[in-house]
Amino acid sequence: MTGPRALDVGIDPGSTTPPYEQIRAQVAALVHRGTLVHGDRLPSVRALATELGVAAGTVARAYTELETDGLVAGQGRAGTLVTGVPGDAATLQLQAAANRLVAAARADGLDDAAVRAAVETALGGTPTA
């Protein structure tokens, strides 16, 4: 296994966007553009937090969000690996949003049928069973 890839990400302390979301969005963009590819290992939470001058929990939250988006997978001691593939950013962002919707619904105890019905309603259709 190769070492972690250096990430060209930064934090804008003047931004109204939370630091974890800045990190998530920048890493996601690197995956979407193909700069980070399937199998690349991200820096450890601690290493990236130190580099960016943020708390480790901030980076951990960004990595968790990226996992929910389907772009990375935590491999325990082996680190966090890129699992997403490059492609149309809009389509990939839509898939990431859908992943977050499903995760949130399941965390709230809703089943897949409820998620489908909500999406159908949002699309202006009539929910199916």
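This is a predicted model: local features need pLDDT of at least 70, side-chain atom pairs count only at pLDDT 80 or more; totals for chains, interfaces and linings use all residues.
## A charge over a ring

The charged end of Arg61 sits over the ring of Tyr20, 3.8 Å from the ring's centre. To count, NZ of Lys or CZ of Arg has to be within 6 Å of the ring centre and within 35 degrees of the ring normal.

Numbering runs from 1 along each chain as its sequence is written, and side-chain values use heavy atoms, leaving out hydrogens and water.

## The overall layout

The chain has five helices and two strands, in the order α-α-α-β-β-α-α along the sequence. Helices (H or I, at least four residues) and strands (E, at least two) are DSSP runs, numbered from the N terminus. Along the principal axes, the C-alpha atoms fill a box of roughly 50 × 35 × 25 Å.

## Helix 1 against helix 3

Two packed helices are described by the angle between their axes and the distance between the axes. Helix 1 (residues 19-33) and helix 3 (residues 56-68) pack at about 45 degrees, with axes 8 Å apart. Axes are lines fitted to C-alpha atoms, for helices over the stretch in contact, and angles run from 0 to 180 degrees between N-to-C directions. That makes helix 1 oblique to helix 3 (under 35 degrees is roughly parallel, over 145 roughly antiparallel, 65 to 115 roughly perpendicular, the rest oblique).

Helix 1 passes helix 3 in a right-handed crossing (near helix turned clockwise from the far one by less than a right angle; anticlockwise is left-handed). Pro19, Tyr20, Ile23, Arg24, Val27 and Ala28 of helix 1 touch Thr58, Val59, Arg61, Ala62, Glu65 and Leu66 of helix 3, contact meaning heavy atoms within 4.5 Å. These residues divide into eight nonpolar, one polar and three charged. Ala, Val, Leu, Ile, Met, Phe, Trp, Tyr, Cys and Pro count as nonpolar, Asp, Glu, Lys and Arg as charged, and the others, Gly among them, as polar.

## Helix 2 against helix 3

Helix 2 (residues 45-52) packs on helix 3 at about 120 degrees, with axes 8 Å apart, so the two are oblique to each other. Their crossing is right-handed. Val45, Leu48 and Ala49 of helix 2 meet Ala56, Val59, Ala60 and Tyr63 of helix 3: seven nonpolar residues, no polar and no charged.

## Helix 4 against helix 5

The axes of helix 4 (residues 89-107) and helix 5 (residues 112-122) come within 10 Å and cross at roughly 130 degrees. The crossing is right-handed.
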